Number of protein chains: 2
Amino acid sequence: MTETLRQRRRNQTSRDIRIAALELCFTEGFDKVTTEAISTRAGVSPRTFFNYFLNKESAIISHPPDFPAEAVEAFVNGKGRLLDDLRILMRAQFELLQDDRKMIDMVHSVIRTSEVLRATHEAAMRQLQSKFTDIIQRRLHDVPRQQIETLCSLILITVGQVMTDSKNADDTRDIATYVDEALDTLEHTLKLIP
Amino acid sequence: MTETLRQRRRNQTSRDIRIAALELCFTEGFDKVTTEAISTRAGVSPRTFFNYFLNKESAIISHPPDFPAEAVEAFVNGKGRLLDDLRILMRAQFELLQDDRKMIDMVHSVIRTSEVLRATHEAAMRQLQSKFTDIIQRRLHDVPRQQIETLCSLILITVGQVMTDSKNADDTRDIATYVDEALDTLEHTLKLIP
DNA sequence: AGCAAACTTGCAGACTCTGCAAACTTTGCA
DNA sequence: TGCAAAGTTTGCAGAGTCTGCAAGTTTGCT
């Protein structure tokens, strides 16, 4: 067996809470929803809610998955143009999200209902950025870290902007096309500078 | 008279609270300090604290000043290289901060003691970014707004990184040199891309 | 002086979140 | 199977943030 009963339970409860939170906040708005309401809907006590999540925000915002290891290696040893190889790496990461597509869209919509939530989301992105920086640093090992950080910020910000802006467009597109759109925007932006 | 007594009082109280908050958080860390402690130190009731500030965070993080109008006009009509003109604009904005230099340094230090505070700070930066975007859009009116947003994010992120990274360096440097350092980093970063 | 508007304060109360200890469940092992 | 250890849930008490309201004070103005 891959998971013990206990583990499966834990995952299920966590998921129950996340879904309860998301659904409630989607209809009512983050600020109007109390932890008590979420707990009740998820069928646990308020105290249990806080056993699973540090605060209300983190029931909505979960950490994005890591970059897949093979894709990372391929990128680090890649010989193509930086932006092209990056595109491949990021697409690989985005594929992982495909299954939760629906929840992710809801999250993005809920984020718009609260400053605090947006901030939490950005904090999560910052963590992703730190991993991302490490990866790019491995490929460009002679470039100062600060520049790599700047580069990563730039890329993630662009992706974020594309994702928040292009809601209410067709929902059915492949989630990885966001990567393409973001990197295209990025390339255009860079032409502005010189 | 430029200000009524009432107005002067209000400004003074606001300042008292901000200073009390900053000093306490600087020594104790943001999370250890209660609004009650801040109020007491500032000599007002806890209820008054919330008449002045929406929450604990905003007693620490205040909105950055607007870009000075003449500098904005000069930039919008500028004919130089984009990055060079930007440098001038941003230096003008940073000059305004020179007086509060000491408090700003403290704020940056306090920000490091709390995720929430960092998030609030970023929200404030996002507001600045929006104004910044408007300005650049006026100069590059035929460029899509999304690209301008990306560009602005990039610039502000870089400045932010430089400012947070280069604490514990010599404190006495002109605050506007951060702008230079950031834009230099930026130019180097851009060379990585093609 | 005296009135209206602005400001401060205390109080009650809703909400978030934590520590603790008691009850309950699952697991590993005899 | 049965039992102890480990992990989970829950209730409760309590600290802390923040709001609405109403009463009291101060200020601006005539």
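Predicted model: local features only at pLDDT ≥ 70, side-chain atom pairs only at ≥ 80, totals over all residues.
Residues are numbered from 1 along each chain as its sequence is written, and chains are lettered from A and ligands numbered from 1 in the order in which they are written.

Helices are DSSP runs (H or I, at least four residues) numbered from the N terminus. In chain A, α8 (residues 115–139) packs against α9 (residues 145–165) at about 130°, with axes 9 Å apart; axes are lines fitted to C-alpha atoms over the stretch in contact, and angles run from 0 to 180 degrees between N-to-C directions. α8(A) and α9(A) are therefore oblique to each other.

## Contact between the chains

Residues are in contact if their C-beta atoms, placed from the backbone, lie within 7 Å. By this criterion, 27 residues of chain B touch 27 residues of chain A. On the chain B side, α6 (82–95), α8 (115–139), α9 (145–165) and α10 (177–192) each supply at least two residues. The largest share, 11 residues, comes from α9(B).

## Surface near DNA strand C

DNA strand C is surrounded by 19 residues, counted as near if the C-beta atom, placed from the backbone, lies within 6 Å of the strand. The closest are A:Leu5, A:Thr34, A:Asn55, B:Ser45 and B:Thr48. Helices α1 (5–28), α2 (35–42) and α3 (46–52) of chain A, along with α1 (5–28) and α3 (46–52) of chain B, each supply at least two residues of this surface.

Notes:
Parallel < 35°, antiparallel > 145°, perpendicular 65-115°, else oblique. Contact = placed C-beta atoms within 7 Å.
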